[in-house]
Amino acid sequence: MGSGKTHWGRMLSEKLQLPFFDLDYVITQTEKKTISDIFTEKGEEYFRYKEKEVLEELVSDHEKFILSCGGGTPCFFNNILFMKKEGKVIWLNTSVDILKERLLKERMSRPMIRAVGDTELKSYIIRKLGERKMYYEQADVTVDEEKITLSSLVELLSNE
């Protein structure tokens, strides 16, 4: 959440001339509801099942593409193994302070942190990263988001 996945995914897709998909956006279009509404009305478990379903549909419908998935996507239903089997997984490793700065501005559009206060946000981020790190570390490529450039990202992918 807030690591720059969508930003870099769009840039990479343009550079490599591949289709780009933001998994959350595809889900909102499929469900005709915002992510916040899906969480509120149907719960996180429903959302995670839908996330897996849409991820698998995108892979079956497209030979090559760039995907920005939600930060929780790799952590459920063995999605990380599925993604690694079907393509290259990149972890944009972003510092806690930068994540906090970005998420403070976007809190109302993010159901997982909407109710988290300013002073608790950093602790929340640290806790979530701790819970998810074992999945993120399975990525094929890890890059420090603060230092990334488009050309370095393309080079990292071509070396894998």
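L67 touches F21, L23, L55 and L58, leaving aside residues up to four places away in sequence; contact means heavy atoms within 4.5 Å. This is a predicted model: local features need pLDDT of at least 70, side-chain atom pairs count only at pLDDT 80 or more, and totals for chains, interfaces and linings use all residues. Numbering runs from 1 along each chain as its sequence is written, and side-chain values use heavy atoms, without hydrogens and water.

**L67**
- L67 sits in strand β2 (residues 66-68); strands are DSSP E runs of at least two residues, helices H or I runs of at least four, numbered from the N terminus.
- L67 is partly exposed, at 26% relative accessible area (buried is under 20%, exposed over 50%, partly exposed in between; 1.4 Å probe, protein chains only).
- D22 is 45 residues from L67 in sequence, yet 5.8 Å away C-alpha to C-alpha.

**Nonpolar cores**
- The largest nonpolar core has 21 residues; such a core is a set of buried Ala, Val, Leu, Ile, Met, Phe, Trp, Tyr and Cys residues joined through side-chain atoms within 4.5 Å.
- Helices α2 (23-31), α3 (35-61) and α4 (79-86) each supply at least two residues of this core.
- The most comes from α3, with seven residues.
- Apart from this core lies another, of eleven residues, including W8 and I148.

**R132**
- R132 belongs to helix α6 (residues 118-136).
- R132 is buried without a salt bridge (Lys or Arg side-chain nitrogen within 4 Å of an Asp or Glu carboxyl oxygen).
- The R132 side chain reaches the backbone oxygen of G71 at 3.4 Å.

Definitions and conventions
Lys, Arg positive; Asp, Glu negative; His and termini not counted. Polar contact = N/O pair within 3.5 Å; in protein donor to acceptor, adjacent residues only side chain to side chain.
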